[in-house]
There are 2 protein chains.
Amino acid sequence: MIVFYSKEIDGNSARLIDDECIHCSKVLRKKVGEEVFVTDGKGNLHQGHISNITKKNVDIELTKQMSSQKPSHIRSIAIAPTKNIDRLEWFLEKSTEIGISHIFPFLSARSERKIIKPERLEKIIISAMKQSKNFHKPTLHPLTPLSKILENDFNGQSKYIAHCMDPQQALNKLYSSGSNAIVLIGPEGDFTAAEVERAQANNWKEVSLGTSRLRTETAGIVACHLLNL
Amino acid sequence: MIVFYSKEIDGNSARLIDDECIHCSKVLRKKVGEEVFVTDGKGNLHQGHISNITKKNVDIELTKQMSSQKPSHIRSIAIAPTKNIDRLEWFLEKSTEIGISHIFPFLSARSERKIIKPERLEKIIISAMKQSKNFHKPTLHPLTPLSKILENDFNGQSKYIAHCMDPQQALNKLYSSGSNAIVLIGPEGDFTAAEVERAQANNWKEVSLGTSRLRTETAGIVACHLLNL
């Protein structure tokens, strides 16, 4: 079953644009009248048929709601983009498969990558969402300075900072399963001591993710999996 | 701290061969007398200095045992190699970082990849072991037919088969933390019903890894992480 993603669902009609339009009409060569499945990325899956095709849009008349997944608790990861962008892309794909609500890329003192291309990353997220049949599309937030993230109270979510300077407690011991939480994952060279202090002052709890020294993207996946257990 | 891996440690002397020799003498241009660190991949880390360099070997005189990590419980994953080899390589890197004892690649009815290159995969494992500072090198076993894996009793390890045909129990509920265990992860098209039946007959317990549909390599990482919690 191939599922398309539509940001524009209004009543019984959905519109595919950009990549989703191209995938449907050019790659798969779907025609008017053919049956298709559409998700809104908010947990809903619809069945319908194509009512119109233009160069820029595929319009779909929705006939049946197939399923509606309830939103889970909020699972957020703030992560420093990796020098090798493939590693960040892997993190996005895997965390979307496993289940994540928000991704906050940030810039910190030891960040090795200062630019990301949100359009490309968004495509990876949409593809992983469709593949996993987990129809809640995670929100990828704009690249932000770490200081802004640290000062944000995230509406009362439990806030954790995972670093390698021997934090006393493990995330899997501190985290209460099913509660809303955000975990900070540092860059390849880790957070600085000053950044960790500033986090503490802003009520972020220091945690470890186990005894191994994990790469940034592996730490991100491990934290994301813990928030899903 | 750069650590080299030596399969040949005998008393106070260690020898680097192949890639480790090239990395030490050609890439890093280390000279006789220089200080180096060496692991045997069995949990031990030594300090020493280079006593001799030839084209094929770097010999090291070990002067001090830095640390000795105890072996943990046995955490094994049997996995069908993915069509896209990058995905298997990614699994090997990440599972080595997180912590894994044995990897059993297998061939099943729906396997998409029938050949792997153990030498290349071994390099990825060694590199990830050194990077993670988790100095137990996982054992990569030869590609084996699934039937042989299913018939093996794995010395009393708890045996689990993770598949997508709605198994009733979740691995994180069934698995007793810290016990020896092996988890089977199927190919992209999943196990066949006949394979699952045969597994049941051989006392493998059916488990799920959560509600999302995970890719093969993601399922492998998730299972590996659960065995490490």
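## How the model is described

Helices (H or I, at least four residues) and strands (E, at least two) are DSSP runs, numbered from the N terminus. The structure is a predicted model, in which local features need pLDDT of at least 70 and side-chain atom pairs count only at pLDDT 80 or more, while totals for chains, interfaces and linings use all residues. Residues are numbered from 1 along each chain as its sequence is written, chains are lettered from A and ligands numbered from 1 in the order in which they are written, and side-chain values use heavy atoms, with hydrogens and water left out.

## The sheet of chain A

In chain A, six strands make up an open sheet with mixed pairing, and their order across the sheet is 1-4-5-6-3-2 (two strands pair if DSSP finds at least two bridges between them). Strand 1 (3-5) and strand 2 (8-10) of chain A stand at the edges and have a single partner strand each, so one side of each is left without a neighbour in the sheet. On average, and with direction ignored, neighbouring strands of this sheet are turned by 40° against each other (axes are lines fitted to C-alpha atoms, for helices over the stretch in contact, and angles run from 0 to 180 degrees between N-to-C directions).

Strand 1 of chain A runs parallel to strand 4 of chain A, to which three bridges join it, and within this pairing A:V3 has A:F37 of strand 4 as its bridge partner. Helix 1 (residues 18-27) of chain A packs on the sheet, where it touches strand 1, strand 3 (13-16), strand 5 and strand 6 of chain A, and its direction makes about 145° with that of strand 1 of chain A (contact means heavy atoms within 4.5 Å). Helix 3 (residues 118-132) of chain A also packs on the sheet, touching strand 1 and strand 4 of chain A, with its direction at about 145° to that of strand 1 of chain A.

## Hairpins in chain A

Strand 4 (residues 35-39) of chain A pairs with strand 5 (residues 44-53) of chain A in the antiparallel sense, over five bridges, and here A:F37 has A:Q47 of strand 5 as its bridge partner. These two strands of chain A form a hairpin with four residues between them, and A:G41 in the turn has a positive phi of about 75°.

Strand 5 of chain A is also joined to strand 6 (residues 58-68) of chain A, by nine bridges, and the two run antiparallel. In this pair A:N52 stands opposite A:D59 of strand 6, and a hairpin links strand 5 of chain A to strand 6 of chain A through four residues.

## The domains of chain A

The domain assignment divides chain A into domain 1 (3-68) and domain 2 (75-228), where the bounds come from an automatic or database domain assignment. The C-alpha centres of the two domains of chain A lie 32 Å apart, and twelve residues of domain 1 are in contact with seven residues of domain 2.

## The sheet of chain B

Chain B has an open sheet of six strands, with mixed pairing and the order 1-4-5-6-3-2. The edges are taken by strand 1 (3-5) and strand 2 (8-10) of chain B, which each have a single partner strand, so one side of each is left without a neighbour in the sheet. From one strand to the next, the twist averages 40°.

Strand 2 of chain B runs antiparallel to strand 3 (residues 13-16) of chain B and is joined to it by three bridges, with B:E8 standing opposite B:R15 of strand 3. Helix 1 (residues 18-27) of chain B packs on the sheet, touching strand 1, strand 3, strand 5 (44-53) and strand 6 (58-68) of chain B. Helix 3 (residues 118-132) of chain B packs on the sheet as well, where it touches strand 1 and strand 4 (35-39) of chain B.

## The pockets

The largest pocket holds about 1,300 Å³ of space. On a 1 Å grid over the protein atoms alone, a pocket is an open set of points where a 1.4 Å probe fits, with protein on both sides within 12 Å along at least five of seven lines, and lining residues have an atom within 4 Å of a point; a volume is the space filled by probe spheres set on the points, which are joined across faces, edges and corners. Its lining has 50 residues, of which A:G210, A:T211, A:S212, A:R213 and A:L214 lie nearest the centre of the largest pocket. Helix 7 of chain A gives the most to this lining, with four residues.

The second largest pocket holds about 850 Å³ of space, and of the 41 residues that line it, A:R75, A:I98, A:G99, A:N134 and A:N228 are the closest to its centre.
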